[in-house]
Amino acid sequence: MADVRLQSVRKVYGTIEVLRNIDLKIDHGEFVAFVGPSGSGKSTLLRMIGGLEPISGGRLLIDNELVNDIDAADRNIGMVFQSYALYPHMTVRENLAFPLRMAKAARGEIATRIGETASLLQVDHLLDRKPRQLSGGQRQRVAIGRAIMREPKVFLFDEPLSNLDTELRVQMRVQIAKLHKQLGNTMIYVTHDQVEAMTMADKIVVLKDGNIEQVGSPHDLYHNPASRFVAGFIGSPKMNFLGGEVEAAHQGGMDVRLQTGTSVCVPVQPDKELVGKAITLGIRPDDFSASSQTQQDIAIELDVDFVEHLGSVTYIYGNAGNEAVVAKAPKEPLKRAGKLRLAAAPADCHLFMSNGRALRRLHAPANWS
């Protein structure tokens, strides 16, 4: 195991700066996910850690060793990519053995390690097959196994499940999470799928335009996003955003008048300079209820456009005035269209300034266990 530290790390291509002053610490044994939209710099950052991209500025330390100028092969890192990168002419056994053969390990050691790794990944019955005879999930397990054979300090995964169908992706998420628990290695995982990040990672790093927007646990990012971008990126369906104006700031929070005509007092850190200015109120689809629980609850009348039944959960899509809203449906049966009255507790709401930054809430949301 090893920790990874990035200190003011930059990446520049010509005159274009794609990563800006990245400061990040990944502790021993952590499973960290890099997420963000295309072009946010997440894969570039991973490749810099792996030594596949040179660092334009700053310091990268792995296990307290400065590795800026150390070749990828000498960093003791295991890498797994979107493409399986298996040798098609070799069997599974030969693919697994290849890293240790290159390191001139003893034949007995290689055989022992192949047996242990194949058993761990449940591919021991496939050792004499070639990659073309394997399913996508089996190939990806073999690719992971080849990385394990080197006993690396750090594992890097670059969107390893993108080529798999939905069912296989779920299975492989479980496999990788179990693998991390069994091996205890530091793992860094790049994905554009926030569901993967939320279900697997101890810590998530959200990137946007070459900057880190927020770092935190999945729970922290979901319940306490630092910006409107993070609030909209983490969570599926994403957070609803309703425009409004600040009417007053006081000890209890901020009074907001929404464009829908509803007023609400949101318990956030008050800022009198925002009075009279535009503000955005955020509500998670899961935080709506069918009726108000207290007089302070925000009430929204929704014109229902579409009802999405997913078996265990149903989502309602509609409009509140000119604002699009998605809400998790109550358990009662719903019509495909019509009007629906919803409510949300102010403590479950978020407020975002015009620059996108979130105002700090005064206490945990009502449903935060």
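Author: V12 has E17 as its bridge partner, and E17 lies in β2. This is a predicted model, with local features needing pLDDT of at least 70 and side-chain atom pairs pLDDT 80 or more, while totals for chains, interfaces and linings use all residues. Residues count from 1 along each chain as its sequence is written, and side-chain values use heavy atoms, without hydrogens and water.

Reader: How do you know that β1 and β2 pair?

Author: Count the bridges. Strands pair if DSSP finds at least two bridges between them. Strand β1 (residues 4-13) and β2 have 7 bridges. So they pair, and in the antiparallel sense.

Reader: What makes β17 a strand, and what does it join?

Author: A strand is a DSSP run of E, at least two residues; a helix is a run of H or I, at least four; both are numbered from the N terminus. β17 covers residues 314-320. Y315 stands opposite K328 of β18. The hairpin has 2 residues between the strands, and G321 takes a positive phi near 65 degrees.

Reader: Which strands make up the open sheet, and why do β2 and β5 stand at the edges?

Author: The order is β2-β1-β4-β5, with antiparallel pairing. β2 (16-26) and β5 (65-66) each have a single partner strand, so one side of each is left without a neighbour in the sheet.

Reader: Why are α4 and α5 called roughly parallel?

Author: Helix α4 (residues 136-148) and helix α5 (residues 166-183) pack at about 20 degrees, with axes 11 Å apart. Angles under 35 degrees count as roughly parallel, over 145 as roughly antiparallel, 65 to 115 as roughly perpendicular, the rest as oblique. So α4 is roughly parallel to α5. The angle is taken between N-to-C directions, from 0 to 180 degrees, with axes fitted to C-alpha atoms over the stretch in contact.

Reader: Which residues make the contact, and how do they divide by class?

Author: Contact means heavy atoms within 4.5 Å. From α4 come G137, Q140, R141, I144 and I148; from α5 come L168, M172, Q175, I176, L179 and L183. They divide into 7 nonpolar, 3 polar and 1 charged. Nonpolar means Ala, Val, Leu, Ile, Met, Phe, Trp, Tyr, Cys and Pro; charged means Asp, Glu, Lys and Arg; the others, Gly among them, are polar.

Reader: How do α2 and α4 lie to each other?

Author: The axes of α2 (residues 92-102) and α4 come within 7 Å and cross at roughly 30 degrees. Therefore they are roughly parallel too.
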